[in-house]
Amino acid sequence: MAKRIRGIAGSLLLGLLMTFGIMALGGGTAQAAPQYNYSCDFCHQMPPLDSATANKDPFTGGVPGNHLGHSSSTASSCVSCHGAQVTALDHRNKIIELNDSLGYSRKQSGVFLNQTSVPPNPLGTCSNISCHSDGKTAFRVTAPWGSSPADMNCSSCHGAAPDTGIHMGKHAAYFGTGTDSCVKCHANHLNDAKPFGHATSAGHRAIEVKFGGPNSGGTFATGQCFNLYCHSDGRTNPKTVSWAAGTTLDCSGCHGIATTTGLNALSAKHAKHVNNAVRLGNNYGCVDCHATAVSDNNTISDTTKHVDGITDLAGTKLGTVSAGSCATSYCHSNGKGTFKPATWTQGATIGCNGCHGTATGTGAPDYITGLPGAADANSHGKHLSSCADCHSKTTVNGTTIIAGSQHIDGFNNFSSGNGKTFGKLANKTCSNISCHSGNGIIQNVAPAQWGATLGCSGCHSTLTAGHAAHLDQYGCVDCHSTTVSSNTVVSNPATHLSYAAEVAGAQVGSYTLADKSCATSCHMSGAPKWNVPASGQCNSCHDVTGPLISTAAHAVHFAGTPRGPGMALNVASCNVCHVYNGERDALHANGINELRVGYNINGVCANCHKQSSTQWATAVSSTCDSCHSTTGGALSQISGVTAPDTTAAATSGHGRAGIGLSCEACHDKNSAHINGTLGDKRLLPALGSGSNNTECNFCHADSGKVSALNLNIKTHMTSGLGSLCADCHNAHGTAPNTMMVSQVIGGTAVSFTGNNTFANDGRTGVCQVCHITSQYFTKAGQPQTTHVDSTSNCLDCHSHNPLAGMAFSASGACDACHGYPPAPRQTLSAVTFGVQGSWSSAKFEDYSGGGGAHMVPGHVAKDLRLTGTNADWTPCLPCHFDGANAHAKTLPTRSFVENVNVTMDPQYRFSADHFMSYTSAKLVSGGANKSGTCFNTNCHMGPTPKWSTER
């Protein structure tokens, strides 16, 4: 017995002897064998019990440490840390033996360190133990022994997947590089009773390979993977792959390619789709039918959809796939929504009429036409020549598809061929159609819409050359009797589309094709040329250069100098003033100047010029005001268009005091402009064409011409009403306001007298023209409820020239409603603010604490500007810790004071024994509000002054 317990202090020996009932018999003989089994759990609980404190627990035998998480009930689990000697009883030497390989920091070689009765606090850590490594010799320094275990998982020891073999690359792309990816090929120890028990066997066993999921039947041996679904063609042909680094597989490593035959050939109808351009027009790629998994033929876009055991079918042309049938595939349709089901395993070959019309073998489309321009419109029946006439990039003869063509690309592609030409417009409309123009004989042929019906006017709507001068007396058959039998019936289609003009008929004497001259009794001895209008127009009788037509004000009206209408030398121009009912009319060439009512060769031409100051005989140029102002009479009218009224320009337009611009500041007074076209402004070249408000910006974008208030004015909309300055403003003035706001906008009469009348309770404001269902000041049915009242300057919040965005649109930033930072109305010294976007139109305090002490030094800098992604709330968060989510943004603030929320950041708490708060404030909408004080903040430490000196 003495031998078995050597090294144990006498007191301990005595206690053991008494406890075990062993008697020391004087002169007697000791028992030959021990009465008790001195296994580990005789002294220890196995595994040893942790005390959960820095001290030992004499009531339970627990010691400081983390034994429960490391060892088991067997002594062998102790060996890893304490060495083999721990299994022998003589380990009881009052010294906690630790293997030097652990790198345990409290183990000092050659120096006694009492770790038994007085455990150090804290205990040591391990620095180079394989149990706490990533398995690749990278050790983890552990927490002190006895500390609370961290939230442990695989990444506590392991990092990224190792770069050995082919862990990285495609395995990383599919499974990731984190520790959670290992379970695809290795055992998941997190499911073990002791998840980290496997660490004790580190370095003593081979890497365990255990496949799961769709690879559960796979095996790994001799550095190779066998029978893995991941490495198969997705059917029944697994590929054996090597784990060696550098092994690379592309798609063909598992699947076949377009031309593969035999066992590795692509399944079913793959070959008909991926290697059949002569029938399809283009070979399909993987992405066309497997778009959820791949982005092209060589790139997996979603690894979760690849090798998951499911064939994912989706693509732009695929449609609905059911039971191996592509039931709604665009590829198997007539291109107009009528689908032709095809099965993946069918044996029949599909020809043109398998998808398109069935009436002929060529598949000429024969579906019932819908409305013109609609998706199902059909005019094929009238164009039954070769398909290549209109689809030359798809077929060469109507039955053979061009490889690489536009066939089955999802679009109705049409391109001219076989000598035919046409242009393409929207809504299935063709322009410049050679068939419709006689290959260029007929000019300006109107576009034709597919599915529409064309009469003669469909091609001949704009008649060439001298047609217009003849058709009041003659019909088509009078000059083209070899082609038509009447004005509406084509009797000979062959000559009709022969691209040559056949001229013959009862009224045709002789026609010379070379110069298109026609000798007929209508022109007496003359032979006018058909395509030379001057050879038969007015000036063949009237001398347009002689004294007859240049008399009086003729030159002003025809030449347009200095500011006349610039009328053309044609019958229409003459007919404005003269009675002309055709060349064969009795009033024509009767020696009398037949003037229309309202025109007087010796007096005022009152039809256009309403003022008495204009005289035909004097040929004196009129002034701008003689036409555009009512001060001398009524406004002039040209071709039924009334001249724009500039009467108010001198008082409320650009001519008013303070601006003083004349008409010539914007308009070229010598430009011919009286042409009867409303909006033909004839601006000075420097003002541009008038598009995109360039004429207004000529001045309003120039700080040398306008004040800052009127500089860089923005429009309210990008398109439609409000996108042009002229939509709301009349540059020539409008009563009774000086902002040149029109009294009628978009057809709606508005009331505007100043910046506080953009909206009103009567719903006749400028804004109410368009804002029908807005929350405030609506046009229809909803009165103003709670907003800034109608006497306020609307531009304070809705700027006409904001730094960013559209005119009048509230920015939504902090300074759209109040200053940034908010400032009080009263300050001890003058405060200089920035520009709008920070201060020029910002709102001062008008509710409890609204401005307060925000800009007191140490709170928020007064020169702060709104910059950065979250800069608007960052300076506010110390006292408005709930951030933007607690900001109600309801106007006017004085009516919703209860929405003001002050919640301070906990890090500014001064004492842990008390809460911190903003208190003693009264926040009642419309009440006598008071601002409060801050309590228990480390910013002030003691009581603070009231936030606002005003409330």
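This is a short chat about local features of a predicted model.

Q: What kind of model is this, and how are residues numbered?
A: The model is predicted: local features need pLDDT of at least 70, side-chain atom pairs count only at pLDDT 80 or more, and totals for chains, interfaces and linings use all residues. Residues are numbered from 1 along each chain as its sequence is written, and side-chain values use heavy atoms, with hydrogens and water left out.

Q: Where is Asn-215?
A: Asn-215 sits in the loop between α4 (170-175) and β1 (219-221). Helices (H or I, at least four residues) and strands (E, at least two) are DSSP runs, numbered from the N terminus.

Q: Is Asn-215 buried or exposed?
A: Asn-215 counts as buried because its relative accessibility is 7%. Buried means under 20% relative accessible area, exposed over 50%, and partly exposed in between (1.4 Å probe, protein chains only).

Q: What is Asn-215 in contact with, leaving aside neighbours within four places in sequence?
A: Asn-215 is then in contact with Leu-228, Tyr-229 and Cys-230. Contact means heavy atoms within 4.5 Å.

Q: What is the strand order in the open sheet that has β1?
A: The order is β1-β2-β3, three strands with antiparallel pairing. Two strands pair if DSSP finds at least two bridges between them.

Q: Which strands stand at the edges there?
A: β1 and β3 (241-242) do. Each has a single partner strand, so one side of each is left without a neighbour in the sheet.

Q: How many bridges join β2 to β3?
A: Two bridges join β2 (residues 224-226) to β3, and the strands run antiparallel. Cys-225 stands opposite Val-241 in β3.

Q: Which strands make up the open sheet with β8?
A: That sheet has three strands in the order β7-β8-β9, with antiparallel pairing. Its edge strands are β7 and β9 (448-449), and each pairs on one side only.

Q: And what stands opposite Cys-430?
A: Ala-448 in β9 stands opposite Cys-430. Strand β8 (residues 429-431) is joined to β9 by two bridges, and they run antiparallel.

Q: New topic. Where are the cis peptide bonds you know of?
A: One goes from Met-46 to Pro-47, with omega near 0 degrees. Pro-47 is in the loop between α2 (40-43) and α3 (76-82). Another joins Ala-735 and Pro-736, with omega about 0 degrees. Pro-736 is in the loop between α15 (725-728) and β14 (744-745).

Q: What is phi for Val-307?
A: Phi of Val-307 is near 50 degrees, a positive value in a residue other than glycine. Val-307 is in the loop between α6 (277-280) and β4 (321-322).

Q: And what about Ile-408?
A: Ile-408 is not a glycine either, yet has a positive phi of about 55 degrees. The loop between β6 (342-343) and β7 (423-425) holds Ile-408, and Ile-408 is buried, with a relative accessible area of 13%.

Q: Last one: what does the side chain of Thr-495 do in α9?
A: Thr-495 lies in helix α9 (residues 493-496). A polar contact of 3.2 Å joins the side chains of Thr-495 and Thr-483. A polar contact is a pair of N or O atoms within 3.5 Å; within protein, one must be able to donate a hydrogen and the other to accept it, and residues adjacent in sequence count only if both atoms are side-chain atoms. A polar atom of the Thr-495 side chain also lies 3.0 Å from the backbone oxygen of Asn-492.
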